[in-house]
Amino acid sequence: MSIIYLQIKGTGSYLPQHVLTNQDLEKMVDTSDEWITERTGIKERHIAKGISTAYMAIKASQKAMDSAGVTPDEIDIIIAATITPDYLTPSLSCLVQKEFGADSAFCFDINAACSGFCYALDIADLYIKTGRAKTILIVASEMLSRITDYTDRRTCVLFGDGAGAVIARAGDTKGVMDSICCAVGGLGDVLKASVFEDYKFIQMNGKEVYKFAVRVNIETITQLLSNNNLSTDDIAYLVPHQANKRIIATVSSKLGIDSDKTYINVDRYGNTSSASIPICLDEMNKKGLLKDGDKIILTGFGGGLTYAGILLQWVGM
Ligand code: UT7
């Protein structure tokens, strides 16, 4: 019996029109373009106005389906990653299904914060490998502006809104080669948000998250490489969760990964949580950066605390 693999066959993304620059933030809180740029690398972020998390998810999903040449009736599962859904129920994935009339799909959301896309890809890989599904829509959509306190300079400069999606299909050459998904619930208090408490916004110990991010990113990449007898030279691109340019640069330099192999767009979008990695993949795909056979490492970390990594071989679309 031949082995079935998950291959990414289409990508899409959506960023809301409104752009919030560092100069705009200078007028809202006691901060400066210089501080934000030096500490995070972020220059601007997109903010959703008058639209929903589902709207962004639907836009990104439509583009991913178009890019894969897939119609809604072919989709077996819709997995949505989000920590900022429009409703507790119906789920974001059910709202996407309804829009497209993808009635043969079953749908569920996962909450793994900024690791959400990697977790979703790992789950999709298992459904495909076991033959339970042939075509899966994975969409990550976040409206972090909903849970951001724009009077708190420690957090409001960091986050942005947006969505990214991929179509995953069963194929006979390796796409997803290896996955690592982990959680450290004991550290959950360092990054929290609850819509049920009086303070409904993100609360974060930035320094603790920073240290965690550098450590787990290095561990995850090292583990993926060693599990598969690869070195950093074998990797075409590192596509890390886009939270802070300094975290990404530290990880790349400690592992000896060239900066031109490390994809960064946090300067333009800020931290879009689970959406950041599929937004990167869509940009890279559109720019023609990804070649058949390229090995790519995706890494996520965030609330939970959670972290994850995927070793992916790009298969020509
Ligand atoms: O997706 C996962 C989500 N989170 C993350 O990835 C966050 C990871 N952490 C980080 O990216 C960094 O820790 C931050 C960018 C959040 C903060 O950078 P830092 O270098 O760790 O700064 P800090 O928190 O140590 O603050 C240094 C100073 C403080 O002032 P004092 O106490 O030294 O006088 C802060 O009050 O910078 C001050 N500060 C600011 N100043 C101007 C904090 N935020 C700002 C700001 N503008 N926006």
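No salt bridges are counted between domain 1 and domain 2, a salt bridge being a side-chain nitrogen of Lys or Arg within 4 Å of a carboxyl oxygen of Asp or Glu. Before selecting anything, note that this is a predicted model, in which local features need pLDDT of at least 70, side-chain atom pairs count only at pLDDT 80 or more, and totals for chains, interfaces and linings use all residues. Residues are numbered from 1 along each chain as its sequence is written, and side-chain values use heavy atoms, with hydrogens and water left out.

**Stop 1: the two domains**

Colour 5-171 as domain 1 and 176-313 as domain 2; these bounds come from an automatic or database domain assignment. Taken over C-alpha atoms, the domain centres are 15 Å apart. Domain 1 puts 50 residues into the contact and domain 2 puts in 46, where contact means heavy atoms within 4.5 Å.

About 3700 Å² is buried between the domains, and carbon and sulfur atoms give 63% of that area. Buried area here is the accessible area (1.4 Å probe) that two parts lose on being put together, summed over both. Select Cys114, Cys118 and Ile147: these supply 17% of the area that domain 1 buries against domain 2, more than any other three residues.

Polar contacts join 23 residue pairs across the domains, both residues being at pLDDT 80 or more. A polar contact is a pair of N or O atoms within 3.5 Å; within protein, one must be able to donate a hydrogen and the other to accept it, and residues adjacent in sequence count only if both atoms are side-chain atoms.

Which element gives the most to the side of domain 1 that touches domain 2? Select α5 (116-129), which gives seven residues. Other elements supplying at least two residues each include β1 (5-14) and β6 (135-143). Helices (H or I, at least four residues) and strands (E, at least two) are DSSP runs, numbered from the N terminus.

**Stop 2: the ligand**

Show the residues around the ligand, 23 in number, of which Thr31, Arg39, Lys207, Asn244 and Asn271 come nearest; a residue belongs here if one of its heavy atoms lies within 4 Å of the ligand. A polar side-chain atom of Lys207 is 2.7 Å from a ligand oxygen. The side chain of Asn244 has an N or O atom 2.7 Å from an oxygen atom of the ligand. At Arg153, a backbone N or O atom lies 2.8 Å from a ligand nitrogen.

**Stop 3: a salt bridge**

The salt-bridge count comes to 11. To view one of them, select Arg169 and Glu74, whose side chains meet at 2.9 Å, N to O. Arg169 is in strand β7, while Glu74 is in the loop between α3 (53-68) and β4 (77-81), 95 residues apart.

**Stop 4: backbone exceptions**

Most residues other than glycine have a negative phi, and most peptide bonds are trans. Go to Thr89 and Pro90, joined by a cis peptide bond with omega of about 5°; Pro90 is in the loop between β4 and α4 (92-100). Gly304 and Leu305 are also joined by a cis peptide bond, with omega of about -10°. Leu305 is in the loop between β12 (295-302) and β13 (306-313).

Finish at Ala113, which has a positive phi of about 50° although it is not a glycine. Ala113 is in the loop between β5 (106-110) and α5.
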